[in-house]
Structures are given as C-alpha cells and as structure tokens.
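Colleague: I'd like to learn how to read a few features off a model. Could you take me through some, one at a time?

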Amino acid sequence: MSQFLSPRLNSFQGRLASLNWLLVALITSISLIGVMMLYSVADGFEPWSIRHLIRLIVGLAFMITVAILDIKFWFRIAYFVYVIGLLALLSVEFLGDQMMGAKRWLDLGLVTIQPSEPMRVGLMLALARYYHNLPFEHISRPQWLALPLLMIIVPAFLIFKQPDLGTSVLFSLTGVSVLFLAGLSWRYFFAGGLALIPAGWITWNMLLDYQKKRVLTFLDPNTDPLGSGYHILQSKIAIGSGGLTGKGFMQGTQSNLNFLPEKHTDFIFTMYAEEMGLYGALILLVMYLIILLMGYLIATQARSAFARILAMSISVSFFIYLFVNVAMVIGLLPVVGVPLPLMSYGGTSMMTVMFGMGLLLNVQVNRYTELSVK
C-alpha cells in the first residue's frame, strides 16, 4: 500500500493529522443520533440500534482508511471500481435474493449487500476519471458524450428492472449532475428537459401498479388514507404533533405506537422530528448543511479536475439523498423509499456514505496533488 501514499504525507500520524476532523465529528454525531433514534424505535438496542452502532464503528475505520490513501490510488482504480459495481448489479439479475417483490440484494454469506448503493460511488469515480482526461473543448462534443451517457444509462436500467424506481431516478440524477459539474453545455440539459415529456409518458406506462399508486397518492394522499396514502398522512401527523420542542426521547406516540410505518429506515426523520420537535429538526439539518458546505469548499481547493469533480459530485449526491428523503416524509415528493444518509438503518447505505465521505476527506488531504492527464 505504501506505493500509493503521497511523499508529502510521509507518516501515518501526519496523514491522520491532516484529516478534516470537524467533518469526521459531524458524520459521527449524525450517525449517533441515528443510533439514538433506532434505540427509541425498538425500545432497546436490539434489533437495529446495536447493529447501526457496529456499522458506524466499522464504517468510520473504512472511511479513514479510504481518506489517508494517496488520491493517485483512487485515480488509477476508478474504472475498475465502476466495472466491479456493474458486475455486481448484473449478478443481482441472476443470483439476487428476492424480498418483498423485488430482487435487489446479493447474499455474500457473511453479509447481504444492495449493489445499487455502492454503484453510485463507482459511477462518480469513473466519470471524474473520464472528464479529468478529456480536454475542456471536447466535453460538449457528441462523440465524447456517448460513453458517459452509456455509463449512466446501463446501471440505471438494471436498477430500474429490480424494480427500484426511486434509486434508479436518483442514480441517474447523480450521473447527470456529474456531467453538469464537468462543464457540459446547457443545450444538452435543455434538450434533455424537452425529452423528459415523451420519456415520462413511456416510463409511466412501464411502472408497476404500486409505483403508479405512489405517484397518484402524492398528488392527493386523502384519496386512500388507509392504503397507499397511509404512510405520508401518518408522517405529517407525527411531524406536526412534535411541535416546536418535541415530545421527548422515546415519547413519540405516533412512532412508538406503530402508527408510523418504516420508521427505522425511510421515515426516521419523521420520528426524530416528533420526538425532538422543529428546533431539533433544524439543528440536524444545519449539521447536514455544514457537511455540504465543507464538501463545496474541499472541491474548490482541489488542484486536479479529477479531485474537484469527485468532491463536488459526492456532495451533490449527498444533497440529493438528503433532500429527497426529507421532502418525501413531509409530502413534497412521492414516497420512493430513499434512506436518510447516516441515520436510516441499512448496512449498504451506511458503508456507501462512508466510502463517499472517505473520498471527500481524501480530496482535502491530497488537495495539492497533481494528476497526469493520461
């Protein structure tokens, strides 16, 4: 491993000291809030809270390992990570476990993973590597756009087939945001916006019945308050009942009396808002906002295009998941099954976020490192 360490940062202590420990502290604090909420959900450490805590400890070790490597290591294996992710997605098609009508998971013996999550990081690494090598005047030429589009569309289609509409849409948004950050002409985004009209009609006809119901329920949850509208109506009631200061830790009636569904995963923000109130929710959102601002600052300080695009795309992807989850539970977006970063229960989600944050920290540690064009 030593060949991948920067000569400037020639000691383990030096590399650790150069980490952005405020960012590490924020990531740890939000994750511990997640542990606390999962404890409240189950009225004890079992079955979710203790596992979330163990994953946090393992994830922090993984994140710091990713962060202290020389960025040249990640630059060299960027396409390899993408290919491994794509093969894992393909494996789901043939070897995946079917649960709740969807085939999204791979059983690796000791752990079960959802390959669509780490594939996001693989995509960002591969696109950052691609645009690092591409001269700026070539970025908007059609012949140089075909490959990155293919790199986005193929895995997005595989995720859509699982079926996982929400993750497929967010994966595509992440990919498109990298194209924007790389400097692709606005004309493509305008044309893409126009193309969404027929594409939306085609996609609507391809949706399964429950997916169509989610969209229709989003428009008017009261049409089916005990069926497809139940989740969002209960979520709004729980958030509203928390008031300004909340009902207190483990005192959330909507969540602890099981009116609120999926409260350990998609609706954990709702539970937090019910128990900690508006003030607690705002404090949590400010913590997330500080992470996003740090991501932006880290990207602006990076010397290489690879590092800048990678740091910015990780921050944008983090924002997309945060925004969609919060907007979903307060009724601004349809319920699409998106986890809240660092807080929702889920091993693959936690490790994927830690991988991304590790790369973000890595960019700051190696911000002065030059990378060759070829």
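**Reading the model**

Modeller: Let's start with contacts: Ile 314 touches Met 124, Gly 356, Met 357, Leu 359 and Leu 360, leaving aside residues up to four places away in sequence. Contact here means heavy atoms within 4.5 Å. This is a predicted model, so local features need pLDDT of at least 70 and side-chain atom pairs count only at pLDDT 80 or more, while totals for chains, interfaces and linings use all residues. Residues are numbered from 1 along each chain as its sequence is written, and side-chain values use heavy atoms, with hydrogens and water left out.

Colleague: Where does Ile 314 lie, and why does Ile 314 count as buried or exposed?

Modeller: Ile 314 lies in helix H14, residues 305-329. Helices (H or I, at least four residues) and strands (E, at least two) are DSSP runs, numbered from the N terminus. Buried means under 20% relative accessible area, exposed means over 50%, and partly exposed is in between, with a 1.4 Å probe and protein chains only. Ile 314 counts as buried because its relative accessibility is 4%. As for distance, Ile 314 and Glu 275 are 39 residues apart in sequence and 30 Å apart in space, C-alpha to C-alpha.

Colleague: Now helix packing: at what angle do H5 and H6 pack?

Modeller: Axes are lines fitted to C-alpha atoms, for helices over the stretch in contact, and angles run from 0 to 180 degrees between N-to-C directions. Helix H5 (residues 78-95) and helix H6 (residues 116-133) pack at about 145 degrees, and their axes are 8 Å apart. The H5 side of the contact includes Tyr 79, Tyr 82 and Leu 86, and the H6 side includes Met 119, Leu 123 and Arg 129. By class, that contact has 11 nonpolar, three polar and one charged residues. The classes go like this: Ala, Val, Leu, Ile, Met, Phe, Trp, Tyr, Cys and Pro are nonpolar, Asp, Glu, Lys and Arg are charged, and the others, Gly among them, are polar.

Colleague: And how many residues of H6 are buried?

Modeller: H6 is mostly covered, with 16 of its 18 residues buried.

Colleague: How do I read a polar contact, say the one joining Thr 167 and Asp 164?

Modeller: It's a pair of N or O atoms within 3.5 Å; within protein, one must be able to donate a hydrogen and the other to accept it, and residues adjacent in sequence count only if both atoms are side-chain atoms. Here the side chains of Thr 167 and Asp 164 are joined at 2.8 Å. Thr 167 sits in helix H8, residues 165-182, and counts as buried because its relative accessibility is 6%. Beyond four places away in sequence, Thr 167 touches Ser 116, Ile 159 and Tyr 321.

Colleague: Which phi value does Met 250 have?

Modeller: Met 250 has a phi near 70 degrees, a positive value in a residue other than glycine. Met 250 is partly exposed, at 25% relative accessible area. Leu 342 has a positive phi of about 75 degrees, and Leu 342 is buried at 2%.
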